[in-house]
Amino acid sequence: MVVIMKPGFTPEQLESAIRAMEEGGVKVMVSKGDETTILGAEGNAAGIDQEKVSLLPGVDRVMRVTEPYKKANRKYHPAGTVIGLGNGAAVGGERLAVIAGPCSVESESQIVGVAQAVQAAGAAALRGGAYKPRTSPYAFQGMGTDGIKLLQEARQVTGLPIVTEIMSTDNVEMFEMCVDVIQVGARNMQNFDLLKQLGKTTKPILLKRGLSSTIEEWLMSAEYIMAGGNDQVILCERGIRTFETFTRNTLDLSAVLAVKQLSHLPVVVDPSHACGKAWMVERMSMAALAAGADGLIVEVHNDPKNALCDGAQSITPADFDHLMDRLRPLAACLGRTL
Ligand code: PEP
Ligand code: MN
């Protein structure tokens with residue numbers, strides 16, 4: 001349940017609305033926007049006398065929230081949330097954020113070189129995996145802590161904030177200290193222990209949609225992180241599993257519109273993992289922005305043919321530069337900047 005206050009309510013009126021809700025046995029979350037203040041009931045709202053609350057002075061109206069996600073729900077927080085990525089970059093505002101970099105960190109020259117190239121082209125942040133969730137135990141598993149150190153070096157050289165995937169709860173503390181944005185991969189979207197621990201950190205979390213997750217399951221995973229106290233969740237649509245085999249996954253662009261309507265959290269799209277084909281990245285990136293995404297996360301590799309992971313879907317730095325040139329006029333058409 002949410003209570004929407006009238007414009008110009010007094011502090012006493014706010015206090016008495018909160019008290020009436022608390023008497024019904026819930027904790028009250030206050031969301032103060034520029035134009036509206038909303039009180040959200042955390043917990044079972046069945047004990048609240050809805051009619052009595054709706055008649056209180058200063059209360060505009062009372063709305064039921066039937067969705068199981070509360071903190072992630074737009075009803076609690078009508079304005080879109082803007083999340084800082086570090087070093088002045090942000091996602092969710094008028095400016096679109098493009099995160100770019102290789103699937104995996106492979107060497108110092110590779111990650112620093114790609115970081116410099118994507119920065120010159122206008123990327124907002126650098127991505128690169130140090131811990132890789134691979135289907136085969138015999139495939140390259142990532143450079144681990146050495147990869148994190150190389151990402152930090154690339155950040156030092158370029159100033160780009162770094163985004164990298166976490167796989168284990170053992171690494172939460174180290175990630176919080178070393179990286180700017182912690183990525184939860186599709187395979188860990190429902191690793192609830194990991195989500196709970198990330199809820200206690202102060203770093204933004206890029207939460208990828210699970211391989212076969214519904215929109216509601218995805219938002220419930222965001223809710224896990226937010227329920228722990230971390231409100232900085234960036235949703236990432238990266239394609240879902242369907243019967244189609246031509247593409248690696250099926251990019252669900254309608255999900256972007258859906259989550260933008262259901263939630264106030266910013267949404268980015270990963271066209272690389274969605275399609276699995278480098279030649280599709282440009283058009284799908286344009287489609288994603290047209291669908292209302294707040295940004296993109298794109299795999300860029302200096303030598304895709306010899307990449308240790310996901311070469312087929314990686315574009316080159318030159319392709320990335322071209323992509324950004326194509327996106328700028330589109331952003332302007334959409335009333336946004338890049
Ligand atoms: C990745 O970003 O490299 C990755 C493994 O993505 P996903 O979790 O979406 O498969
Ligand atoms: Mn990848």
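Which residue in S4 does Val3 stand opposite? Select strand S1, residues 2-5, together with strand S4, residues 59-63, and you will find that Val3 stands opposite Val62; helices (H or I, at least four residues) and strands (E, at least two) are DSSP runs, numbered from the N terminus. This is a predicted model, in which local features need pLDDT of at least 70 and side-chain atom pairs count only at pLDDT 80 or more, while totals for chains, interfaces and linings use all residues. Residues are numbered from 1 along each chain as its sequence is written, chains are lettered from A and ligands numbered from 1 in the order in which they are written, and side-chain values use heavy atoms, leaving out hydrogens and water.

S1 and S4 run antiparallel and are joined by four bridges, where pairing requires that DSSP finds at least two bridges between two strands.

Next, select the manganese ion (ligand 2), which is coordinated by Cys103 (SG), His273 (NE2), Glu299 (OE) and Asp310 (OD) at 2.0 to 2.4 Å; donors are N, O and S atoms within 2.8 Å of the metal (3.2 Å for Na, K and Ca), and sites may look incomplete because water is not among the atoms. His273 lies in helix H9 and Glu299 in strand S14, so the pair ties together parts that are 26 residues apart in sequence.

Conventions:
Buried < 20%, exposed > 50% of the residue type's maximum accessible area, 1.4 Å probe, protein only.
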